Amino acid sequence: MSADLDPRIDRLYNLLPAVYRQRDAENGHVLKALLRVIAEQVNVVEDDITQLHENWFIETCQDWVVPYIGDVIGYRFLHDAGEPGDVATVRGRQRHKILIPRRDVANTIRYRCRKGTLALIELLANDVAGWPARVVELFPLLGWTQHVNHSRLPRGRTADLRDGDALDRIDGPFDTLAYTVDVRSIASRKSQGRYNIPSAGVVVWRLRSYSVTKAPAYRLDETSHCYTFSILGNDTPLYTRPQPEPEPTHIAEELNLPTPLRRPAFEDRMEDYYGEGKSLQIWLGAPESECRAGDTKLRPIGAHEIVVADLKDWVYQPRRDQVAVDPERGRIAFPPAHAPRDRAVWVSYQYAFSAAIGGGEYRRPLSLPAEHVLYRVGEGEKHPTINSALDQWEQDQSQQGKRWQHAVIEITDSGLYEEEDLKLHLKANQSLQLRASSGKRPVIGLSNRHRALVDALRISGGFGSRITLDGLLIVGRALQVTGPEMPPPSASQSGCGCENTTEPRIGDLAELTIRHCTLVPGWTLDGDCEPQQPAKPSLELHRTQARATIEHSILGSIQVIQDEVTTDPIRIHISDSILDATSPEREALDAPGCPVAHAVLTIARSTVTGRVQTHAIELAENCIFHGFVRVARRQLGCMRFCYVPHESRTPRR
């Protein structure tokens, strides 16, 4: 900043009497120039004194001070990442930002301030592992003889057989009943004890709670009064939507953690669990053919209408003005004589899973082509169905513009899309993204409950075309990727069932990307969570050279039908996903009628349940193979940090 713009540069000169300033002006401001030099050094000293105070605190200190504060409090950095540099150089200060982050030092100070408190243990579990936790001090749960002049009635109570909620919490993190002293150590490797004076337990929740908002419930049949929260028709335990703790020293309760929703807790504290923005809510809407999620015709069912019941075997029948809910099974029952037969039932609820994969209402990164056209599908949008958006894109392509070569169809709600015939065919060099909006989980149903099952979701394309599926739950049928039409094989062609032809191939789909999707293993589930078609594949690659990329997804088996003579193996890349063939004895990756699938597999950070039979594995890293692995070309590729069953035939490990 120049001297003319800095108000502090003339601070000493302005303190002089006016008579001296007038005489100085007559002599060409010589005194003013001298005082400016002095004021500049005064400002430097004053700023340094001010900064000394700010450097005492990690929130306001300069970057070069962070390592010194960390050294004072005993912060230890990872020497394997490198040694600190000289703070006097720019490169050294940048190195310090990486090796000794300000946030880690601040957290260490916070840990030191709360040392010896139960809240610190919860905080450490959340910061280190990312898992919410609850610390249980076990001394208050000991049964002991109390002095009549110093009684503590809430502590050490014997079991009250009429208190169903307390009995339901026995041997859990929220247990309040009394126990006799256990003299064994809680940290013993042989026989662990729990309830003793110096003992404290830490309970962590590995599963996270994820939301489903205003999605259609599943009706068991057309005349039934019974519904499930899950759109697949299976039982799913409902979970609590965690509420923030009021203060850092608060010990987490049931409402603050992603705990399974218990019937007694839901009944006693329904106002905490049921309603808008809470753990669950139920709506009645317009007829199914006219209503979608977000419709203003949805009427919420009030908490006074809800009755908590055990709906095992669907025996319980609520009264006329009631709706029965079983949160432990995720079931809903209406009065048989007053069931909403012609109206849709919509639900919001929380389910639990170990990671943000498979699609859901969690934040995920979205990418767009540089030039594209966007079509929105959903309630209140221009296109009510996916086919409507596809038809509009086909009409827009007649404008012969480059922009129409790349389309994004985005579903903006969490509704059910039961398309009668959904086919995705791209022309040469086109690209299509069929995706859900961030925070939504739409369901594409490929089966029709009223008529016979329809065909699979078929995907094909011309030379250089690309298709991306993102954030979708696909149920009812498989995803079938087909290549260009081929002439029928001659009578001389025989063997393992794969086509063998020397005819030249025409253009083919270049790449299929499946991100944050669930292709339900076994196509769909029954009430006991068992697959209805366990032997059916979720992804069929039929005579195509398209590269298949699967990221953060859940799907069933992959079936490859390919010409082994005239074509190269197709590329399959799987990362951060689950490949579930529903049994270790079934094929997770194979080719029908062939010894191995004509594919080169690259897989990382994934779990595979089922047998893998493939041409080659280029790389397998940090994976669990729960099934026999058979690789034909073992001299190519490698496996590292993986578990494979004994006697599997793999590349070098």
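Some ground rules, quickly. Because the model is predicted, local features need pLDDT of at least 70 and side-chain atom pairs count only at pLDDT 80 or more, while totals for chains, interfaces and linings use all residues. Residues are numbered from 1 along each chain as its sequence is written, and side-chain values use heavy atoms, with hydrogens and water left out.

Let's start with sheets. Strands of a sheet pair through backbone hydrogen bonds, either parallel or antiparallel. The strand names come from DSSP runs, numbered from the N terminus: strands are E, at least two residues, and helices are H or I, at least four residues. Two strands pair if DSSP finds at least two bridges between them.

Here is an open sheet of four strands. Its order is β3-β11-β6-β7, and the pairing is antiparallel. Which strands are at the edges? They are β3 (208–216) and β7 (299–300), and each pairs on one side only. Now look inside the sheet. Strand β6, residues 281–284, pairs with β11 in the antiparallel sense over four bridges. Find Gln 281, and opposite it in β11 you will see Ser 348.

Next, an open sheet of five strands. The order here is β4-β5-β10-β9-β8, and the pairing is mixed. β4 (218–219) and β8 (306–308) each have a single partner strand, so one side of each has no neighbour in the sheet. Tyr 227 has Ile 332 in β10 as its bridge partner.

Now to strand β31, residues 597–604. Is this strand buried or exposed? Eight of its eight residues are buried, so the rest of the structure largely encloses it. Buried means under 20% relative accessible area, exposed means over 50%, and partly exposed is in between, using a 1.4 Å probe and protein chains only.

In a regular strand the side chains alternate between the two faces of the sheet. See that in β31. Ala 597, Ala 599, Leu 601 and Ile 603 point one way. His 598, Val 600, Thr 602 and Ala 604 point the other way, and all are buried.

What does β31 pair with? Strand β28 (residues 570–575) runs parallel to β31, over six bridges. In that pair, Ile 570 stands opposite Ala 599. Strand β33 (residues 611–621) also runs parallel to β31, again joined by six bridges. There, Ile 603 has Ala 620 as its bridge partner.

Last topic: salt bridges. The structure holds 32. Each is a side-chain nitrogen of Lys or Arg within 4 Å of a carboxyl oxygen of Asp or Glu.

Take Arg 134 and Glu 253, with closest N and O atoms 3.7 Å apart. Arg 134 lies in strand β1 (residues 133–137) and Glu 253 in the loop between β5 and α8 (263–268), so the pair ties together parts 119 residues apart in sequence. Arg 134 is buried at 13% relative accessible area, while Glu 253 is partly exposed at 39%.

Then Asp 310 and Arg 329, at 2.5 Å, N to O. Asp 310 is in the loop between β8 and β9 (323–326), and Arg 329 is in the loop between β9 and β10, 19 residues apart. Asp 310 is partly exposed at 39%, and Arg 329 is partly exposed at 22%.

Finally, a network. Shared partners join Asp 165, Asp 168, Arg 169, Glu 254, Arg 262 and Arg 269 through salt bridges. Thanks, that's my talk.
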